[in-house]
Amino acid sequence: MSNGAYRAAYDESLADPDAFWGRAAQAIDWITPPPRVLDDDRPPFYRWFTGGTLNTCFNALDRHVAAGRGDQAALHYDSPVAATRQTFTYAELLDRVATFAGALASLGVDKGDRVIVYMPMVPEAVITMLACARIGAVHSVVFGGFAPAELAARIEDAKPTVIVSASCGIEPTRVVEYKPMLDAALDRSSHKPESVIVLQREQARAAVGERDTDWEELDWEELVADAEPADCVEVAATDPLYILYTSGTTGRPKGIVRDNGGHAVALRWSMENVYGIGPGDSWFTASDVGWVVGHSYIVYAPLLTGATTVLYEGKPVGTPDASAFWRIIEDYRVKAMFTAPTAYRAIRREDPEGRLIAEHDLSSLETVFLAGERLDPDTWEWASQRLGVPVVDNWWQTETGWPIASNLRGLEPMPLKPGSPTVPAPGYAVHVLDDRGRQVPAGTEGAICLKLPMPPGTLPTLWRDDERYVAGYLSAFDGYYLTGDGGLVDEDGYLYVMGRTDDVLNVAGHRLSTGSIEAALAGHDAVAECAVIGVADDFKGQVPRGLVVLKSGIDVETEGERIRAELVQRVRDEVGAVASLRQVDIVSALPKTRSGKILRKTMREMADGRTPVVPGTIEDAGVLETLAPVLRPTT
């Protein structure tokens with residue numbers, strides 16, 4: 001491991017967090033500078049910057065305009081599905097945000113009130129988030145197009161004063177009307193907002209104000225036309241900025257709380273030190289504002305930094321083809337981009353030779369960052385070779401809000417290792433523990449845990465549920481946060497995340513990670529995507545089963561049997577005979593959350609003959625219908 005800038009920063013962050021994060025906090029404009037950095041009076045409920053006050057919206061917009069950067073582009077909106085492009089300077093974005101903040105205030109939204117945001121990837125979603133921050137309200141963004149039951153559960157938990165929505169979202173092949181789903185969710189929910197605001201889109205306008213309800217329904221444009229701009233409201237560093245509900249939860253959702261002070265400090269620090277992005281740089285995150293990556297790295301981190309961010313309403317393929325990302329990079333002179341590995345696998349499937357890359361000027365691109373799911377070595381190698389720039393894995397969670405581990409390109413770039421997100425970021429004391437809570441030797445797999453306290457920007461608790469926070473995250477090992485992921489640290493200090501601990505297979509007493517088997521499958525030239533699940537077996541307990549999506553142009557009828565046999569042999573050769581696959585199924589697609597995570601648990605339950613609880617985050621529910629005949633037991 002390096003002995004340079006990274007080592008010095010990492011060591012200080014753990015030995016003297018007050019000094020390390022106190023310096024980082026100087027990059028934020030405070031109304032009242034925090035008299036205290038780490039507040040450890042009430043473990044395990046640690047807080048950061050207690051006594052400090054600020055406004056996150058001021059730090060994201062006003063201060064850049066005041067510093068003379070008002071004419072710089074703050075946000076590029078690019079929507080191939082709506083055939084629309086729009087650029088907002090910092091001054092223009094500030095004007096829109098202040099006006100909408102005034103509109104919210106006119107509806108009675110006050111400091112601490114909640115606002116649910118149920119919108120597609122449009123500028124108004126970003127404007128709403130920042131407007132809430134401006135007046136001290138707490139926003140909770142819900143994936144646009146979420147099913148009514150899932151949306152209703154979030155309305156019940158957050159109890160919003162106002163809901164902001166849009167008439168529709170636009171997919172490559174269809175228009176998804178949001179208002180009927182919102183109406184159905186409100187009919188289910190015992191909590192009713194005081195107002196619902198609807199942004200009308202021409203692709204499908206919604207009927208507003210025609211229902212007999214207890215709440216007022218308003219048109220966005222009409223509301224904004226009468227609004228007076230609002231000033232920034234002073235909030236405590238420890239006051240909540242937003243609630244983000246974890247995807248795929250069943251029953252009562254878990255509301256991850258993000259505070260104002262620690263969040264601003266951590267994201268501003270990470271933007272330059274992890275991602276190498278400074279003021280004026282162009283940055284493209286292909287994600288959704290309903291996911292934590294969208295919160296952190298489409299909206300807050302780039303704007304807190306004074307960079308230019310790209311808001312993309314489209315897909316990696318199909319809008320119109322597998323060159324969509326390359327066009328964005330060329331058009332906006334993007335310095336670095338961030339997306340999920342599944343997006344690059346989709347691109348590779350459509351354009352395996354990368355021919356479309358050569359049609360675009362990517363000379364501005366210096367780095368690609370991938371996160372949200374395991375980055376398999378094969379995808380890493382393909383992207384690295386085709387693009388000719390470092391492809392950097394980084395690992396984190398909704399709960400942490402920013403990377404736990406990465407190759408810190410701004411602080412000190414390190415050699416890249418396929419399959420590893422490199423090293424823990426400053427502030428994160430990463431330990432790999434066995435079942436008894438003992439640290440395991442280098443190279444040994446175990447449960448990845450974070451020694452408390454965690455750094456600024458991470459969740460301080462769950463929304464109004466301290467008990468559930470402790471039970472769900474802190475109870476497994478005393479003094480540790482349980483990430484739920486398994487992995488190892490090698491002799492060089494590089495972390496390897498092998499997958500969720502509930503995705504570990506127990507085959508005849510041998511514990512096998514799905515990640516290692518999937519890496520073997522993904523290395524085959526014909527495989528575009530893959531997943532491994534453990535299927536119940538009377539003799540061995542569980543046996544692994546593979547599902548693969550093949551690259552475009554491969555004839556399954558003539559090539560399928562050969563590919564299946566080769567995949568079985570690859571797993572035996574690379575993982576071992578104990579990991580021998582019971583079968584390999586070639587499928588057209590894998591079910592995923594909107595953030596790109598494969599729904600292994602859902603498939604596992606189907607393969608075991610159970611009826612799964614299907615989360616409302618599946619992009620295309622038809623995928624599961626297609627898989628049902630493949631996965632269901634025949635007897």
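This predicted model holds five cavities of 30 Å³ or more.

**Stop 1: the largest cavity**

Select Arg345, Arg374, Asp376, Glu518 and Cys530. Of the 15 residues that line the largest cavity, these are the closest to its centre.

Which of the elements supplies the largest share of the lining? Strand 29 does, with four residues.

Colouring the lining of the largest cavity by class gives eight charged residues, six nonpolar and one polar.

**Stop 2: the second largest cavity**

Move to Tyr46, Met454, Thr458, Leu459 and Pro460. They are the closest to the centre of the second largest cavity, among the 15 residues that line it. Its volume is about 120 Å³.

Apply the class colouring again: the lining of the second largest cavity has 11 nonpolar residues, two polar and two charged.

**Stop 3: Glu313**

Select Glu313, in the loop that runs between strand 17 (308-312) and helix 11 (324-331). Is this residue buried or exposed? Glu313 has a relative accessible area of 5%, under the 20% cut-off, and therefore counts as buried.

The side chains of Glu313 and Tyr77 are joined by a polar contact of 2.8 Å.

Then display what else surrounds the glutamate. With neighbours within four places in sequence left aside, the contacts of Glu313 include the run Tyr77, Asp78, Ser79, Pro80, Val81 and Ala82. Pro120, Met121 and Val122 are also in contact with Glu313, as are Ile170 and Arg201.

**Stop 4: the whole chain**

Zoom out and switch to a cartoon view. The protein chain has 18 helices and 31 strands. Its radius of gyration is 24 Å, close to the 26 Å that the globule rule gives for 635 residues, so the chain is as compact as a globular protein of that length.

Colour by accessibility next: buried residues make up 63% of the 635 residues in the protein chain.

Last, turn to the contacts within the chain. Among those between residues at least 6 apart in sequence, 70% join residues at least 24 apart.

Terms used:
Residues are numbered from 1 along each chain as its sequence is written. This is a predicted model: local features need pLDDT of at least 70, side-chain atom pairs count only at pLDDT 80 or more; totals for chains, interfaces and linings use all residues. Side-chain values use heavy atoms; hydrogens and water are left out. On a 1 Å grid over the protein atoms alone, a cavity is a set of points where a 1.4 Å probe fits but cannot get out, and a pocket is an open set with protein on both sides within 12 Å along at least five of seven lines; lining residues have an atom within 4 Å of a point. Grid points are joined across faces, edges and corners, and a volume is the space filled by probe spheres set on the points. Helices (H or I, at least four residues) and strands (E, at least two) are DSSP runs, numbered from the N terminus. Ala, Val, Leu, Ile, Met, Phe, Trp, Tyr, Cys and Pro count as nonpolar, Asp, Glu, Lys and Arg as charged, and the others, Gly among them, as polar. Buried means under 20% relative accessible area, exposed over 50%, partly exposed in between (1.4 Å probe, protein chains only). A polar contact is a pair of N or O atoms within 3.5 Å; within protein, one must be able to donate a hydrogen and the other to accept it, and residues adjacent in sequence count only if both atoms are side-chain atoms. Contact means heavy atoms within 4.5 Å. The radius of gyration is taken over C-alpha atoms; the globule rule is 2.2 Å times the number of residues to the power 0.38.
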